[in-house]
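User: I would like a close look at one part of this model. Please keep it brisk and connect that part to its surroundings.

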Amino acid sequence: MATTCGGGGAEGGADIKNRVKPLVIGWAMNVEPVLVDATNSVYQFSAYGAIEAVTTLYERGSDFGASVGDYANYTDLVAATIPPGRWGTCLAEGMVRLGAPAYGVITGDIKGHKVGATTPRLTGAIINALASISGVSSGSIETSTLTTLDSDVPYNINLALFEQITFLDIARRLAL
């Protein structure tokens, strides 16, 4: 998994240099994002491409209400005028921005990393997405086996990774 460079902005400050970038796949609830830009109150839920949605954002368990909008990239998100007590998203980069600094823990209900138009929810599809994110060649993945896994075990799962792990280790855990 990739790590933050600590150079500021979307890459986080020196305080989080070399921290593993977060990844959310599936519909995960109550996920605590990484504060990447304290000056602008920008948090990141998932850093490996676009996410489907942030359905609800909370501060200390209290719902912020609806987002004021979605912005194309980090620069547009930071430049947006977001009133205090409100929030906006940059789904393309898996980020949210608060209109004022947080007073408590920020969490959210997330429809995570998108493959196509939606986030994968079944184990085999998630393993396949992780392979792609990890740079594993599609020729090295037995997709028919993953499809069979999804047919035989059709249960939705959610995955939120905030620590270093190899593709092989997480794929084994999920398959078991």
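Which residues of α2 are buried?

Analyst: First, the ground rules. This is a predicted model, in which local features need pLDDT of at least 70 and side-chain atom pairs count only at pLDDT 80 or more, while totals for chains, interfaces and linings use all residues. Residues are numbered from 1 along each chain as its sequence is written, and side-chain values use heavy atoms, with hydrogens and water left out.

The buried residues of α2 are T123, G124, I126, I127, A129, L130 and A131. Buried means under 20% relative accessible area, exposed means over 50%, and partly exposed lies in between (1.4 Å probe, protein chains only). Element names follow DSSP runs numbered from the N terminus: helices are H or I with at least four residues, strands are E with at least two.

Now the helix itself. Helix α2 covers residues 123-134, which makes 12 residues. The expected span of a helix is 1.5 Å times one less than its number of residues. For α2 that gives 16 Å, and the end C-alpha atoms are 16 Å apart, so the two agree. Just after α2, G135 takes a positive phi of about 85°.

What covers the buried residues of α2? The cover includes β1 (23-25), α3 (143-152), β10 (159-161) and α4 (167-175). Contact here means heavy atoms within 4.5 Å.

Take α4 from that list. Its buried residues are F167, I170, A171 and L174. Seen down the axis of α4, they fall within an arc of 100°, so they line one face of the helix. The arc is that of the directions from the helix axis to the C-beta atoms. The buried residues of α4 pack against α2 and β10. L174 shows this in detail. Leaving aside neighbours within four places in sequence, L174 is in contact with T123, I126, I127, L130, I157 and L159.

These contacts lead to the core. A nonpolar core is a set of buried Ala, Val, Leu, Ile, Met, Phe, Trp, Tyr and Cys residues joined through side-chain atoms within 4.5 Å. The largest one has 17 residues, and L130, L159, F167, I170 and L174 touch the most other members. β1, α2, β10 and α4 each give two or more residues to this core. α2 supplies the largest share, five residues. A second, separate core has 15 residues, including V24, W87, L91 and I106. In soluble globular proteins, nonpolar side chains tend to be buried together.

α4 also carries a charged pair. The side chains of D169 and R172 meet in a salt bridge, N to O at 3.9 Å. A salt bridge is a side-chain nitrogen of Lys or Arg within 4 Å of a carboxyl oxygen of Asp or Glu. D169 and R172 both lie in α4, three residues apart, about one turn of the helix. D169 is partly exposed at 34% relative accessibility. R172 is partly exposed too, at 49%.

A search of the whole structure finds two salt bridges. The other joins K21 and E11, at 2.8 Å from N to O. Both residues lie in the segment before β1, so the pair ties together parts that are 10 residues apart in sequence. K21 is buried, with a relative accessible area of 14%. E11 is partly exposed at 26%. N18 is found in the segment before β1 as well. N18 has a positive phi of about 70° although it is not a glycine, and it is exposed at 53%.

Last, the sheet. Four strands form an open antiparallel sheet in the order β2-β9-β5-β6. Two strands pair if DSSP finds at least two bridges between them. The edge strands, each pairing on one side only, are β2 (27-31) and β6 (62-63). Seven of the nine residues of β5 are buried, so this strand is largely enclosed by the rest of the structure. Seven bridges join β5 to β9 (residues 106-113), and one of the pairs is L57 with G108. Two bridges join β5 (residues 51-59) to β6. Y58 has D63 as its bridge partner, and E59 stands opposite S62. The hairpin of β5 and β6 has two residues between the strands, and R60 takes a positive phi near 50° there. On edge strand β2, N30 has a positive phi near 60° and counts as exposed at 53%.
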